Amino acid sequence: MGLYSLSAMLLAAVVAIAIMAVSETFAIFVPGLLQGAWLTLQIALLGCVLAVTMAVLAALARLYGPLPLRWLANTYVEVFRGTSALVQLFWLFFVLPHFGLTLEPFTVAVVGLGLNVGAYGAEVVRGAILGIVPGQWEATVALNMTRWQALRRVILPQAFVAMIPPWGNLFIELLKSTALVSLITLGDLAFRAQQMNQTTMKTIPIFTLVLLMYLVMSLAITICMRLLERRATRGLARGRSA
Amino acid sequence: MWDWEYAISIMPALGKAALVTIQATGIGFLLALVLGLILALLRMSGPRMGWAVSALIEFIRSTPLLIQIFFLYFVFPSFGIVLDAFTAGVIALGLHYGCYCAEVYRAGLEAVPRGQWEASIALNLGTYATFKDVILPQAIPPIVPALGNYLVALFKETPLLSAIAVLELMQTAKMMGSETFRYTEPMTLVGIIFLLMSLVSAAGIRWLERRLNRRSAR
């Protein structure tokens, strides 16, 4: 969808939540749900930071690392992409304590989701770096740059632009998978919704509000990434055959 | 730390649960394929309809599957339709991934050259015949790998059904854990089963992709 349609949807969703916040049937649920949404947002943001870090490290290790490091990165990516996020969270939450490592639920959430999305992101980063035309590498050799200089100054800045749209999708996946942390006892948006649902049985208003809140967060991410893409590609088309 | 005897003793039960997981994946994905095609076709049918369907797809894709599963499971009864957990879960899976599939179908449909439509009009084919005999046979094969990726993605989302107590792999492992206080073996085995099945299906998709490419190249 275009930027205008997305913004219109975002506006409509925000207005809908605002109207519900003052209407009688919905108002009691809003403060609690907003608290949950705040926790969801915190987990999503910290998870994003971890995911991007892991993705870049794993991609660079897979591409340029020495053999053992490459193997390690391969295993990381295959294992985390091959099993489901919920299984990973449960494993970190229930099994790690048996090995003497007990983590806070919040830490499990951030680490689990960050590592999961990071594994998918590693493929995005790797693909974007491999997508840079070989001539760019040859040019850096001609300019007598070291490999690290070439990567930092020439390759990564160009790869960055190609990474923006897939990262946008991954951030939304991450935001959506934060709903899973409700199953390891964290009081996020999904958890509060379930709790309220069990105590009041007012399923439709509660879940409508929750869906709208998630929609607002996802649309905000989508719109931000579109704007970022627009900024990053500005002026880049110059000198490139269309 | 790792008890082999216990691990082997729970294998049969996990195997049975794996069948439920596979069943949910199969039915869910079939639903997603059909629904995705319908959504993709509806989106092409006119500007106003197209916008409404786009907004619906955007909405479903932007909200967590877990919430959608809860929504279907808890909301349907208030309209007098009581679904068992498995049905509600599978419908939610199909609906969610149907929206992803709709995007894939759209890419496939848009890749069919305009001339094919014009040729169908010239041959006086009806809309239905055009789609069935001309457009879809050209649009579907190139998108099979993309659809396959969503099959694997859907498969990996089935543990969410444990949240509404469907007895699939995750729920079975959780129950074993809470009965014996041994989470290590069941959880790890579930992880390994998922990893194996994903790797096998990924290999299967690559094989299918190669076969389809060979056929269309000929």
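Author: The model here is predicted.

Reader: Which elements of chain A touch chain B?

Author: Those giving two or more residues are α1 (3-22), α4 (67-82), α5 (85-95), α8, α9 (189-200) and α10 (203-233) of chain A. The most comes from α10(A), with 10 residues. Sorted by class, the side of chain A that touches chain B holds 24 nonpolar, 11 polar and 4 charged residues.

Reader: What area is buried between the two chains, and how many residues are in contact?

Author: About 3400 Å² is buried between chain A and chain B, and carbon and sulfur atoms give 76% of that area. In contact are 39 residues of chain A and 39 residues of chain B.

Reader: Now a helix pair within one chain. What describes two packed helices?

Author: The angle between their axes and the distance between the axes. In chain A, take helix α7 (residues 134-142) and helix α8 (residues 147-177): their axes come within 10 Å and cross at roughly 145°. The crossing of α7(A) and α8(A) is right-handed.

Reader: Which residues meet there?

Author: From α7(A), Q136(A), W137(A) and T140(A); from α8(A), R147(A), A150(A), L151(A), V154(A), I155(A) and Q158(A). By class, this contact of α7(A) with α8(A) has 5 nonpolar, 3 polar and 1 charged residues.

Methods:
Residues numbered from 1 in each chain as written. Chains lettered and ligands numbered in written order. Predicted model: local features only at pLDDT ≥ 70, side-chain atom pairs only at ≥ 80, totals over all residues. Heavy atoms only, no water. Axes fitted to C-alpha atoms, helices over the stretch in contact; angles between N-to-C directions. Helix = DSSP H or I, 4+ residues; strand = E, 2+ residues; numbered from the N terminus. Left-handed = near helix turned anticlockwise from the far one by under 90°. Contact = heavy atoms within 4.5 Å. Nonpolar A, V, L, I, M, F, W, Y, C, P; charged D, E, K, R; others polar. Buried area = accessible area lost by both parts, 1.4 Å probe.
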